[in-house]
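Thanks for coming. I will take one model today and go through it piece by piece, so please have the sequence and the structure open.

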Amino acid sequence: MEYPKVVVFDLDYTLWPCWCDTHISPPLRSKSTDVVVDKYGYELSFYKDVGDIFQDLQANGVLIVSASRTCAPAVAKKLLKLLHLNGEPAINHLDHMEWGTHSKKKHIARALEQFEEDIKFEDVILFDDEVRNKDVESIGCLFAHISNEKVGLNKIIYERALGEWRKKNKKRTKKSN
Ligand SMILES: [Mg+2]
């Protein structure tokens, strides 16, 4: 099975069910490797399929990037350090992180510059809950919408996006041959 070269994940309401600059108040502490507790006892975990999805991407050599517009990157980073995925802090699974209030097109362009290999926008999928970020399709990335904040990123959305990407990729490689 073909895989894209890079998968980019938004954080808030894509990987976890909150806005970390609004709902989370430091200091943060680990309740377990899966649960973080904030100052007021608010508990946060990743959506449940995130670990399996990361594992599948890594097993298939896909680079994993996070791209967030959060106003609290320090809080987000702390969460990524405290919350574990597949036995390791989540941050260790990320090949690159992008922050800032600008467009996800810019996030993605800047992320690709970090990698030695020449990666095309067509080889990137962005998973994100905000429809406005669908603008990444104008540069050739595939946009996968996370539509339900209760469920977040799950295997159904993931598999569907991979399927869609494979279809597009097939057409693309046919054209270039
Ligand atoms: Mg979001």
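Strand β1 is covered on both of its faces: V6 and V8 are buried on one side, V7 and F9 on the other. Buried here means under 20% relative accessible area, exposed means over 50%, and partly exposed is in between, with a 1.4 Å probe and protein chains only. Strands are DSSP E runs of at least two residues, helices are H or I runs of at least four, and both are numbered from the N terminus. As background, side chains in a regular strand alternate between the two faces of the sheet.

Before going on, the ground rules. This is a predicted model, in which local features need pLDDT of at least 70 and side-chain atom pairs count only at pLDDT 80 or more, while totals for chains, interfaces and linings use all residues. Residues are numbered from 1 along each chain as its sequence is written, and side-chain values use heavy atoms, with hydrogens and water left out.

Back to the strand and its partners. Strands count as paired if DSSP finds at least two bridges between them. β1 pairs in the parallel sense with β5, residues 63-68, over four bridges, and in that pairing V6 stands opposite L63. β1 also pairs with β9, again parallel and over four bridges; there V7 is opposite I125.

A separate open sheet has three strands in the order β2-β3-β4, with antiparallel pairing. Its edge strands are β2 and β4 (43-44), each pairing on one side only. Strand β3, residues 36-37, is joined to β4 by two bridges, and the bridge partner of V37 in β4 is E43.

Now the interior. A nonpolar core, as used here, is a set of buried Ala, Val, Leu, Ile, Met, Phe, Trp, Tyr and Cys residues joined through side-chain atoms within 4.5 Å. The largest one has 44 residues, and those with the most contacts inside it are F9, W16, F46, L80, I125 and F127. The elements giving two or more residues to this core are β1 (6-9), α1 (50-59), α2 (73-82), β9 (124-128), β10 (142-145) and α4 (155-176). Apart from it lies another core, of 14 residues, with V8, F115, V124 and V136 among them.

What is F9 in contact with, leaving aside its neighbours within four places in sequence? Taking contact as heavy atoms within 4.5 Å, the partners include I53, F54, L57, F127 and L153.

That leads to the aromatic residues. Rings of Phe, Tyr and Trp (for Trp, the six-membered ring) pair if their centres lie within 6.5 Å; planes under 30 degrees apart count as stacked, over 60 as edge-to-face, and the rest as tilted. The whole structure has five such pairs. In one of them, the rings of Y13 and W19 have centres 5.3 Å apart and planes at 85 degrees, so the pair is edge-to-face. Y13 is buried at 10% relative accessibility, whereas W19 is partly exposed at 43%. F127 and Y158 have ring centres 6.3 Å apart and planes at 35 degrees, so this pair is tilted. Because F127 lies in strand β9 and Y158 in helix α4, the pair ties together parts that are 31 residues apart in sequence. Both residues are buried: F127 has a relative accessible area of 0% and Y158 one of 3%. F9, F54, F127 and Y158 form one aromatic cluster.

Next, the metal. The magnesium ion is coordinated by D10 (OD), D12 (O) and D129 (OD), at 2.1 to 2.2 Å. Donors are N, O and S atoms within 2.8 Å of the metal (3.2 Å for Na, K and Ca), and water is not among the atoms, so sites may look incomplete. D10 sits in the loop between β1 and β2 (29-30) and D129 in the loop between β9 and β10, 119 residues apart. D10 and D129 are both buried.

Last, the cysteines. How many disulfides are there? With a disulfide defined as a pair of cysteine sulfur atoms within 2.5 Å, the count is zero. For C71, the nearest cysteine sulfur is that of C20, 9.1 Å away. C71 is exposed at 64% relative accessible area, while C141 is buried at 1%.
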